[in-house]
Amino acid sequence: MRLEHMSVQLRARSGLEAVELGMALVRRHATAIWRPWLWLTLPLFALLNAAAVAIDAIWLAGVLMWWLKPAFDRIPLFVLSRAVFGSVPTLRETAVAQLRWGWRTLLHALSWRRLSPARSLLMPIDLLEGAHGAQLSERRRVLGGAAYGTATLVTLVCLHFELALLAACVALIFMFVPFEYLPETARAAWSLVADQPPWWAQVGFNAFGWVAVSVIEPFFVGAGFGLYLNRRTQIEAWDIEIAFRRLRARLLSARAQPLSLLLTAVLAGLLPMVTPARAQERDPPPRSVPTSEPQKPRPPTLPIVFGDAYADDRAFLKAADRAYEDPLLDAKRTVVTWEKRDTAKPKPEPDERRDLSGLSGVGAVFALVAEWALWIILSIAVLLLLVTARRWLPWMRGLPIHRKPPLAEAEHEALVIPEHLPDDVPTAARRLWARGQPRQALALLYRASVETLAARADVALPPGATEAQWLRASRRLPQAEDQSLFARMVRTWQYAAYAQRLPSTDDFEGLVSQLQQRFGWSG
């Protein structure tokens, strides 16, 4: 490995930071990862689904695509392992490398190691290091020990993201359904799933699963590769090794500097000799003293400045020492005393305690507020008891409680929509209205209007169709007057059935007359 060519800055990171590093690498090399991913997984997806349709076991194609994810994970791992060292592989190199990597590790990943929660972390150890047997087990134990929990968390998070993306793809279909047709579409979709779904629905569900895996799985591999790089950095100190290699490169490049320094010094010495050549002819400088002769030492300057007063320096030093010994120049003293360790702290005198008499007024205010609050709550409770005395006082005295009179027969009777219509619908409806059964009369009119609509508009709805469905079906009536009349009938029926708002006698008679005239009922 060429650590000096690393395209990322290696340092000891936490587990989540390492996961973010791996996902950042996936985003940086997205084109190099997803191009071979699509070229290799899409034909396999089509082949497996075609074979599953042929044997009438389409669910098997989805399960196989999910089980073969470790084989697909080799694609982003190969790209990341080369790109992190500054060499991004091409599509051809990635495709050819899938045939050259060891098949033994692939068999392990597709068999008893398929459900390992730390698969993303352990896969680089199996494929990139080339260890076998006991050495491979030891490497897996050392590298995966401290990061096993983080790798498991990454697996769970990516699994939830795949499920969420799969559900989003299914929900995306219903987003293009108009709101008014949404209940019917949802009911039809549920009946389609509950029964034996057609082959195209199963293939579409497998396609949604392939899309979810294709989006999330490279990030899952990148997170494990980031954890792998971090563990190698923590254990083998890759960051320190890279720093030493760069330092060695700088030292090797610095060996060529002495020659350049020598040339610079030679040129610097020759320039003064060449430049003043003409000036030397006119005004030659005084002859300098040869450097070979020893120079005389300079005399001290202090005696020259201070004269004879500085001749006896020993007396001066003694005077300076006596000046520093003067206690006035140093006000610091060190005093050492002996004290007992566990000495009880003296209690403050009564006059030294804080005077809290000023807080007594605050306490009195709080006490007054609490007292008045209790009195107010008690007054409200007594008032409620007095207001509700007529309800609980007879019960306490053992007297019979007066209950509300029972509802009228017309209010609690069950609404029955007739299945078979009489020959003379208007006369039967007027007869029910006269008997005091207005809702039964409106139910009869609604039933007859629905039959007329079904005959004129040539529609057939299920027996449990709602008023909204019949209103949508009434749009097929050729005349606008018939549509508005049917809407009025439905509105009158809903007010009576659900809101207990009955029309007046004149409104009822006018409605019956219009229905008889427009719909051609015999009277």
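Is Gln500 buried or exposed? At 58% relative accessibility, Gln500 counts as exposed. The legends below describe close-up views of a predicted model.

**View 1. Gln500 sits in a loop between two helices.** Gln500 is not a glycine, yet its phi is positive, at about 55°. The residue is exposed, with 58% relative accessibility.

**View 2. Asp56 has a positive phi in a loop.** The angle is about 60°, although Asp56 is not a glycine. The loop runs between helix 2 (30-54) and helix 3 (58-67). Asp56 is exposed, because its relative accessible area of 66% lies over the 50% cut-off.

**View 3. Glu217 and Arg119 form a salt bridge.** Their closest N and O atoms are 3.9 Å apart. Glu217 belongs to helix 11 (residues 199-236) and Arg119 to helix 7 (residues 119-128), so the pair ties together parts that are 98 residues apart in sequence. Glu217 is buried, at 2% relative accessibility. Arg119 is buried as well, with a relative accessible area of 10%. Both values fall under the 20% cut-off for burial.

**View 4. A network of salt bridges includes Glu217 and Arg119.** Which residues are linked in this network? They are Lys69, Asp73, Arg119, Glu162 and Glu217. Side chains of opposite charge can pair when their charged atoms come close. A search of the whole structure finds 11 salt bridges.

**View 5. Arg140 meets Asp126 in a salt bridge.** The N to O distance is 2.9 Å. Arg140 lies in helix 8 (residues 133-145) and Asp126 in helix 7, so this contact ties together parts that are 14 residues apart in sequence. Both Arg140 and Asp126 are buried.

**View 6. Arg430 and Glu509 join helix 20 to helix 24.** Their side chains meet in a salt bridge, with 2.8 Å from N to O. Arg430 is in helix 20 (residues 425-434) and Glu509 in helix 24, so the pair ties together parts that are 79 residues apart in sequence.

**View 7. Six residues make a nonpolar surface patch.** They are Leu368, Trp372, Trp375, Leu378, Val382 and Leu386. The patch covers about 680 Å². Where is Trp372 found? Trp372 is part of helix 17 (residues 360-387). Trp372 is exposed, with a relative accessible area of 55%.

**View 8. Cys158 and Cys169 are both buried.** Cys158 has 8% relative accessibility. Cys169 has a relative accessible area of 15%. How many disulfides does the model contain? The count comes to zero, with a disulfide taken as two cysteine sulfur atoms within 2.5 Å.

Note on methods:
Residues are numbered from 1 along each chain as its sequence is written. This is a predicted model: local features need pLDDT of at least 70, side-chain atom pairs count only at pLDDT 80 or more; totals for chains, interfaces and linings use all residues. Side-chain values use heavy atoms; hydrogens and water are left out. Patches are made of residues with over 30% relative accessible area and no salt bridge: like charges are joined within 9 Å, nonpolar side chains (Val, Leu, Ile, Met, Phe, Trp, Tyr) within 5 Å. Accessible areas come from the Shrake-Rupley method with a 1.4 Å probe; for residues, only the protein chains shown count as cover. A salt bridge is a side-chain nitrogen of Lys or Arg within 4 Å of a carboxyl oxygen of Asp or Glu. Helices (H or I, at least four residues) and strands (E, at least two) are DSSP runs, numbered from the N terminus. Buried means under 20% relative accessible area, exposed over 50%, partly exposed in between (1.4 Å probe, protein chains only).
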